[in-house]
Amino acid sequence: MQTLETTHPKLLELKTRLAEIHDIQAAASLLYWDQATYMPPGGAAARGRQLATLRQIAHEKFTDGEIGDLLNALEPYVADLPADSDDASLVRVTRRNYQRSINVPAAFMAKFSHCRSQCYQAWARARPANDFSLVRSHLERMLDFSREWANFFPGYDHIADPWIELADYGMKAVDIRTIFAELRQQLVPIVQAIAAQPPADDTCLRQHYPEADQIAFTHTLLSQLGYDLQRGRQDKTLHPFMTNFSIDDVRITTRIYEQELGQGLFSTIHEMGHALYEQGIAPELEGTPLAGGTSSGVHESQSRLWENLVGRSRSFWHYFYPQLQAAFPDQLNHVSLDTFYRAINKVARSLIRTDADEVTYNLHVMIRFDLELALLEGTLAVRDLPEAWNDRYTQDLGLTPSSDSEGVLQDVHWYTARIGGMFQSYTIGNLMGAQFFAAAIAAHPEIPQQIAQGQFHTLHDWLQTKIYRHGSKYTPAEILEQVTGQPLTTAPLMHHIRQKYGELYDLS
Ligand code: ZN
């Protein structure tokens, strides 16, 4: 492992301790990866225990008072360094994480953790039974715990702020509310206009696509797009995710449906976007808290940029569609590129977030964000949540869920983690992704033409230099400002949507 160039003995000691903690966390991540890919089902109980043990050890080591002493001892040293130096950044970011960890008593976290697993199990019964009442009391406890946790961080403007900050450092409920309201106002009429027109024909995607052939094709995609397969790998899973054990071992998982081609293609490109970010972090940050994406929103901006702005573009398929046809001649030889392009960009109102297209997706996110805030504020009771959910769907998407499974029970987030800060990162990621991509094209107008020729290095190098290599050194707001010269804004995403979907549908 490379180390930062430094001689301060306390810094070396801090880094040694942090590297140990990092190793324990990496071991836990590997156990989790194995659980989600290859572990036989019988291993579940022991694996759960092993994961809990490792996470507990990592937590104890990190919240040890000696970490606090080292940070204090290093303050005078880093005070003289530039804020964006590796050493000053390391102390600053470690301090932030440390403070957050020691604010919450271990006994509280143990009770919260128990509540989470109870709630998850109740949800796993309630969803197939299509019955919110089976999980309601558990969710009420989850809300109590979520509020109590927030209160370990007094001085917030909104009770959701500490949770939002955990995912998207530096952002607050009030700012997100404002920008989401602006986005919603622009999106709802576009969705209405598209819904009034005949739907795109996506039957070409719904044929039989054998799993092995899909895996082989996504593998080709990954290597051509710049994912380093010497420092990563791809495996199958039920719920796709990216994980990493070091900068040089960044893995993705893919979900394949044999009756639907889009799922495998786009979940692969999405997770690859997350992986490129992690693979691109500067080697000298390895083993420190700086060796990771800076926030959920910025991370999501990279997955969405590759999935939607690159992977669903006409130029991308101009290059790759002949290869896709060659891989699936029986299914696609009679389907034109234009038909395929329309199919992968079909806009349809739906009740399910994970099925949503680029245009409607953010409406699903905003519904959840607003409901989370209302629950935390106490202006919405858990017992009234299913009705509030259904009302918002009727209002924003013009569809009313006919059951709890299609409604409030569809996403696991609230039932397994917390209420607060769970969803905004998806839309922040879409907004930032469009902002970054617009800045990349402004700097290199040749990028779309290169994509049409299967060349991705200009874009990849630009992202690497501007975003990836910094890891967590900069906050989301800092990186956005540095790279795009702007704070978070809806303009680039709306410009993209108006232009792309204005060609596919009549939006006048
Ligand atoms: Zn993602």
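Reader: In which sense do β1 and strand β3 pair, and over how many bridges?

Author: Strands of a sheet pair through backbone hydrogen bonds, either parallel or antiparallel. Here β1 and β3 (residues 249-254) pair in the parallel sense, over three bridges; two strands count as paired if DSSP finds at least two bridges between them. Strands (E, at least two residues) and helices (H or I, at least four) are DSSP runs numbered from the N terminus. Asp235 stands opposite Thr253 in β3. The model is predicted: local features need pLDDT of at least 70 and side-chain atom pairs pLDDT 80 or more, while totals for chains, interfaces and linings use all residues. Residues are numbered from 1 along each chain as its sequence is written, and side-chain values use heavy atoms, without hydrogens and water.

Reader: What is the strand order of the open sheet, and why is one side of β1 and of β2 left without a neighbour?

Author: The order is β1-β3-β2, with mixed pairing. β1 (234-236) and β2 (242-246) stand at the edges with a single partner strand each, so one side of each has no neighbour in the sheet.

Reader: How much space lies in the second largest pocket?

Author: Rolling a probe the size of a water molecule over the atoms shows where empty space is left. The second largest pocket holds about 510 Å³, the space filled by probe spheres set on grid points joined across faces, edges and corners. A pocket is an open set of points on a 1 Å grid over the protein atoms alone where a 1.4 Å probe fits, with protein on both sides within 12 Å along at least five of seven lines; lining residues have an atom within 4 Å of a point. Of its 18 lining residues, the closest to the centre are Leu309, Phe437, His496, Gln499 and Lys500. α22 gives the most to this lining, with six residues.
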